[in-house]
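Student: I'd like to learn how to read a structure like this one. Please walk me through it, one feature at a time.

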Amino acid sequence: MKNRYIKIFCIAIVGVLTLASCDKGFEEMNKNPNALTDPAVKSMFTLAEIYVDGQDFSNTRGNNLYAAQIVQQFSSLGGPGSKYTYSSEYSAALFGETYGKGLNQIFQLLSVVENTPENSNMIQACRIMKVFLFQKLTDTYGEVPYFEAGKGYNGNVFSPKYDTQEAIYNDLLKELDEAGTALDGGKPFVGNADLYYQGDVARWKKLANSLMLRVAMRLSKVNPAKAKEFVEKAFAKGVFTSNDDSLVLKHDAGPAGVKTNPITSSWVRNDLNGGESNIKFSKTFIDLLKNTNDPRLRIYAKLEATGDNNPASQQGLANDAKEFPGGDKKLFSDPNTSTVLRLDAPTLIMSYAEVQFLLAEAAVKGWNVGGSAQTYYENGVRAAMNILIIFGDKVPAVSPAEYNTYITTYPFKASGTEAEKIEQIITQKWIVLLFNGFEAFSEYRRTGYPVLVPVNDPTGDTKGTIPRRLIYDQSELITNEANYKEAIQRQGLDLMTTRIWWDK
């Protein structure tokens, strides 16, 4: 792993030379004075993989402070996500970083890689990574520049049009279908420059299909026929079959920056401070795990000041709190710095457990996915507990006996209503999506689960309504005004309460 990260230092240098801090149109790349005559495409590919997970900027601001607090995984006294207040910098973080780094890197890579059989697998992998980034963008904001994005490289388009979410989703599904099929184990790839699967094309195929499953299920209310079609297609083509297929990105403990976990690094360096952090686990999250004797709680949480990870000691902060009850921050639960909040903690980008919960939901709906909702649900809970071994051995892993006790005590509601079954499935998914607040926020809006009590704080901007989206980067009013205004005229006012296309 150390050798792999030596390459990342090289990548960072490549990034400085090749990445312009441009937005959707990549204006600075018109003449491309920094274009590489002999591009280190494998290094560029590695950096693209890292950027799919985002960097400190968007993860701290958009994920930790907005999305994860809106869905009550975390809480803070003055957090914009907890109180539904607008912060232009935080709200815009994902928008600016994704176009300026992640998509920029992929578009530039694609602009210098010849479309030959030798490069085909790299190109297909880039198409898959683009879907990850664009789905997160469009789910967070609604309409975004899509079809014209990146055309500053070869099309001189510097003010790209916003596209409807319906058109974007149709193309995301097409891209995954085509890219997954075109991946070919008999053709060259990038070897160990692939931090995800070390050049294993078969696992990339599973990733494409599993991501298709996620994308398709997002349409379950707005276009259930299309959702069913592509859910069944993804399953038939082959999705994740075990935790070994889960998309896990490994990190190192330092130096800070590209190598460290983008969720944990700023938190540990700047905020945690021996238990003095203003960001704590939400009371909603801690109470659910405590009340069900969930064995994951000892792995997720501890009191940083004392190192106590005893589940009985854990206490979450209510999202509507105006002060720390008792006045002592140190009595409230922090993410565990021995496990999930280590600087070198791996990032779980997409898990086998999530796939099992998607299939469980599909089975509840009666779609053809080859198994029962109960089996998929139980597999998902087991996988969600077992995957936590990626966070090391400082805390005992969940044992088979603990899983059996849990699933026996809280079995799948096989005889319940469809709504009860969906609620149970999505609540478990909400747990496994810890630290992936953007995805948890999307799934909450799509399903309404888990059931959350809205916060009606006088400082909030939604009058006690749980947000439905984040507000665009307001620099768009300067750099892309006409297209921005056209988008909000179609979609609705640029407010946190405006529902996006699939949010029915």
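**Burial, salt bridges and cavities**

Tutor: Let's begin with Asp177, which has 18% relative accessibility and so counts as buried. The cut-offs are under 20% relative accessible area for buried, over 50% for exposed and partly exposed in between, using a 1.4 Å probe and protein chains only. Keep in mind that this is a predicted model, in which local features need pLDDT of at least 70 and side-chain atom pairs count only at pLDDT 80 or more, while totals for chains, interfaces and linings use all residues. Residues are numbered from 1 along each chain as its sequence is written, and side-chain values use heavy atoms, without hydrogens or water.

Student: Which residue forms a salt bridge with Asp177?

Tutor: A salt bridge here is a side-chain nitrogen of Lys or Arg within 4 Å of a carboxyl oxygen of Asp or Glu. For Asp177 the partner is Lys237, with 2.7 Å between the closest N and O atoms. Helices and strands are DSSP runs numbered from the N terminus: H or I for at least four residues, E for at least two. Lys237 is partly exposed, at 32%.

Student: How many salt bridges does the structure hold?

Tutor: There are 33 of them. Have a look at Arg218, whose side chain meets that of Glu439 at 2.8 Å, N to O. That pair joins the loop between helix H8 (201–217) and H9 to helix H17, across 221 residues. Arg218 also pairs with Glu443, again with the closest N and O atoms 2.8 Å apart. Here Glu443 sits in H17 and is 225 residues from Arg218.

Student: Are Arg218, Glu439 and Glu443 buried or exposed?

Tutor: Arg218 is buried, at 1%. Glu439 is buried at 6%, and Glu443 is buried at 4%. They also belong to a network of salt bridges whose members include Asp139, Arg214, Lys429 and Arg446.

Student: What does Gly437 touch, apart from its sequence neighbours?

Tutor: Contact means heavy atoms within 4.5 Å. Beyond four places in sequence, Gly437 contacts Asn63, Ala67, Ala68 and Gln73. Gly437 is part of H17 (residues 437–447) and is buried, at 0%.

Student: And empty space? How many cavities of 30 Å³ or more are there?

Tutor: Rolling a probe the size of a water molecule over the atoms shows where empty space is left. On a 1 Å grid over the protein atoms alone, a cavity is a set of points where a 1.4 Å probe fits but cannot get out, and lining residues have an atom within 4 Å of a point. Points join across faces, edges and corners, and the volume is the space filled by probe spheres set on them. The whole structure has 4 cavities of that size.

Student: What lines the largest cavity?

Tutor: Its lining has 35 residues, with Thr347, Leu348, Ile349, Phe435 and Asn436 nearest the centre. Helix H3 (56–70), helix H6 (120–141), strand S8 (347–350), helix H16 (418–432) and H17 each give two or more residues. The volume of this largest cavity is about 510 Å³.

Student: How much space lies in the second largest cavity?

Tutor: About 70 Å³. Among its lining residues are Tyr51, Ser58, Glu97 and Lys136. Helix H2 (41–52), helix H5 (88–112) and H6 each contribute two or more residues, and H5 gives the largest share, 5 residues.

Terms used:
On a 1 Å grid over the protein atoms alone, a cavity is a set of points where a 1.4 Å probe fits but cannot get out, and a pocket is an open set with protein on both sides within 12 Å along at least five of seven lines; lining residues have an atom within 4 Å of a point.
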